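This briefing concerns a single chain and is arranged by topic. Please consult the sequence and the structure shown here before reading the points that follow.

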Amino acid sequence: SLKGKALQRNAPKLLELFGDLIRAPHWDDRTRLKELLSQHVTSLRSRIQKNALNYAVQTALSPFSRASFVYDQWNGLAYFQTILKWAENPDALIEQL
């Protein structure tokens, strides 16, 4: 996800920057990609610590409906485990990109 803050008068410039990022990502900047992955892991760890019960409930509900299963895969512990696996060997992930 993209996040940003700008004064109202600078909002068009911020949106333009977001557009540039989406249209032409720089997959060749390995250092930056590793840093972004590391930041995402840190953010996920913090989120899991704060919302452990919610993650446990979502994981428990995932077998009961397709929507819960997909949500868990995309946002739950399964997603967290996938990101951790990528963070262990970011060079292999970057090669696939």
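The chain exposes about 8,000 Å², of which carbon and sulfur atoms supply 57%; accessible areas come from the Shrake-Rupley method with a 1.4 Å probe, and for residues only the protein chains shown count as cover. This is a predicted model, in which local features need pLDDT of at least 70 and side-chain atom pairs count only at pLDDT 80 or more, while totals for chains, interfaces and linings use all residues. Residues are numbered from 1 along each chain as its sequence is written, and side-chain values use heavy atoms, with hydrogens and water left out.

**Overall architecture**

- The chain holds 6 helices and 0 strands, where helices (H or I, at least four residues) and strands (E, at least two) are DSSP runs numbered from the N terminus.
- Read from the N terminus, the order of elements is α-α-α-α-α-α.
- The radius of gyration is 17 Å, well over the 13 Å that the globule rule gives for 97 residues, so the chain is more spread out than a compact globule. The radius is taken over C-alpha atoms, and the globule rule is 2.2 Å times the number of residues to the power 0.38.
- Along the principal axes, the C-alpha atoms fill a box of roughly 45 × 35 × 25 Å.
- Of the 97 residues, 21% count as buried; buried means under 20% relative accessible area, exposed over 50%, and partly exposed in between (1.4 Å probe, protein chains only).
- Among contacts between residues at least 6 apart in sequence, 48% join residues at least 24 apart, contact meaning heavy atoms within 4.5 Å.

**Charges and salt bridges**

- The chain carries 13 positive and 9 negative charges, whose mean positions are 9 Å apart. Lys and Arg count as positive and Asp and Glu as negative, whereas His and the chain ends are not counted; the place of a charge is taken as NZ of Lys, CZ of Arg, CG of Asp or CD of Glu.
- The count of salt bridges comes to 4, each being a side-chain nitrogen of Lys or Arg within 4 Å of a carboxyl oxygen of Asp or Glu.
- Arg30 forms a salt bridge with Asp91, with the closest N and O atoms 3.5 Å apart. Arg30 lies in helix H2 (residues 30–50) and Asp91 in helix H6 (residues 90–96), so this pair ties together parts that are 61 residues apart in sequence.
- Arg30 also meets Glu95 in a salt bridge, at 2.1 Å from N to O. Glu95 belongs to helix H6 and Arg30 to helix H2, so the pair ties together parts that are 65 residues apart in sequence.
- Lys34 forms a salt bridge with Asp91, the closest N and O atoms being 3.0 Å apart. With Lys34 in helix H2 and Asp91 in helix H6, the parts tied together are 57 residues apart in sequence.
- Salt bridges that share partners join Arg30, Lys34, Asp91 and Glu95 into one network.
- Glu95 is exposed, at 55%.

- Asp72 is located in helix H4 (residues 66–75).
- Asp72 is buried yet has no salt bridge, and Arg47, the nearest side chain of opposite charge, is 12 Å away.
- Beyond its neighbours within four places in sequence, Asp72 is in contact with Gln58, Thr59, Ser62, Leu77, Ala78 and Tyr79.
- Ser62 occupies the loop between helix H3 (52–61) and H4, and is buried with a relative accessible area of 9%.
- Leaving aside neighbours within four places in sequence, Ser62 is in contact with Ser68, Phe69 and Asp72.

**Leu44**

- Leu44 is placed in helix H2 and is buried, with a relative accessible area of 2%.
- Not counting residues up to four places away in sequence, Leu44 touches Tyr79, Phe80 and Ile83.
- Leu44 and Gly76 are 32 residues apart in sequence, and their C-alpha atoms are 9.8 Å apart in space.
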